[in-house]
Amino acid sequence: MEQKRLLVVGAHSADFVWRAAGAIAKHTLGGGDARVVALSYGERGESGELWKEPGQTVENVKRHRHAEAEAAANEVGASFEGFDLGDYPLQITDEAIERLAELMRDYRPHIVLTHPDKDPFNPDHPVASTAVSRARLLTAGAVVEAGFRTAPPSEFLVFEPHQPELCGFVPSLFVDITEVFEQKKRAMGCMKAQSYLQQYYAERAEHRGNHARKVTGDKSIRQAEAFMRLVPNVVGAL
Ligand SMILES: [Zn+2]
């Protein structure tokens, strides 16, 4: 069977860790391949603790953030790539869309995962979401013969934002991450610039585990991550 490929795209280098590290770990544990792309390092807006060091520079913060994200991706069996487009504000050029679309045409992901398109607290997450959506459509075409190189259509999911109800996020999929929760905690532990989020997202995983238990009646589920499908899943039969 062909190896399943998961592409996760975040606005900032740590976004994937809080919201999808468990799902990525579970995917690679099952023999799948996973790639993480960060459109920026979150060097200005999401690296607060690094900026407390006297004499800190943008270049140094970016280096730190690259190393942290690479280590975290490593913990969950994924590769990491930074586009380094700048953050707060993240600005997406036509070249960046084309770079992302080229990556999708080459990698041919079965699943694309990114931010929801709405977030009243973050200037960059919706911008990333729109960019991923555009690149994905430029990759898939309209599922008819196209005048450009295409890849097969992928599943399209968004991961859970910080305050889901304010971002129009309603879960339609839970991934049981019980088996890989220690891996997720280690991945979160790599993100020293945002250590305050570790407890928050560990607690979120426990809550989502409770919800997933309710849905399934499966008492062995301890922790879960929530996702929302943007396109329906298709099955052969009910
Ligand atoms: Zn972010």
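This is a predicted model: local features need pLDDT of at least 70, side-chain atom pairs count only at pLDDT 80 or more; totals for chains, interfaces and linings use all residues.
Modeller: Residues are numbered from 1 along each chain as its sequence is written, and side-chain values use heavy atoms, leaving out hydrogens and water.

Biologist: Why are α3 and α4 called oblique to each other?

Modeller: Helix α3 (residues 94-107) and helix α4 (residues 125-140) pack at about 50 degrees, with their axes 8 Å apart. Angles under 35 degrees count as roughly parallel, over 145 as roughly antiparallel, 65 to 115 as roughly perpendicular and the rest as oblique. The pair is therefore oblique.

Biologist: What makes V158 buried rather than exposed?

Modeller: Its relative accessible area is 1%, and buried means under 20%, exposed over 50% and partly exposed in between, with a 1.4 Å probe and protein chains only. V158 is therefore buried.

Biologist: Where is V158 found, and which residues is it in contact with, leaving aside neighbours within four places in sequence?

Modeller: V158 is found in strand β5 (residues 155-159). Its contacts (heavy atoms within 4.5 Å) include L113, F169 and F227.

Biologist: What makes a set of residues a nonpolar core?

Modeller: The residues are buried Ala, Val, Leu, Ile, Met, Phe, Trp, Tyr and Cys, joined through side-chain atoms within 4.5 Å. The largest such core here has 38 residues, and its largest share, eight residues, comes from α1. Apart from it lies another core, of 17 residues, among them L7 and F83.

Methods:
Axes are lines fitted to C-alpha atoms, for helices over the stretch in contact, and angles run from 0 to 180 degrees between N-to-C directions. Helices (H or I, at least four residues) and strands (E, at least two) are DSSP runs, numbered from the N terminus.
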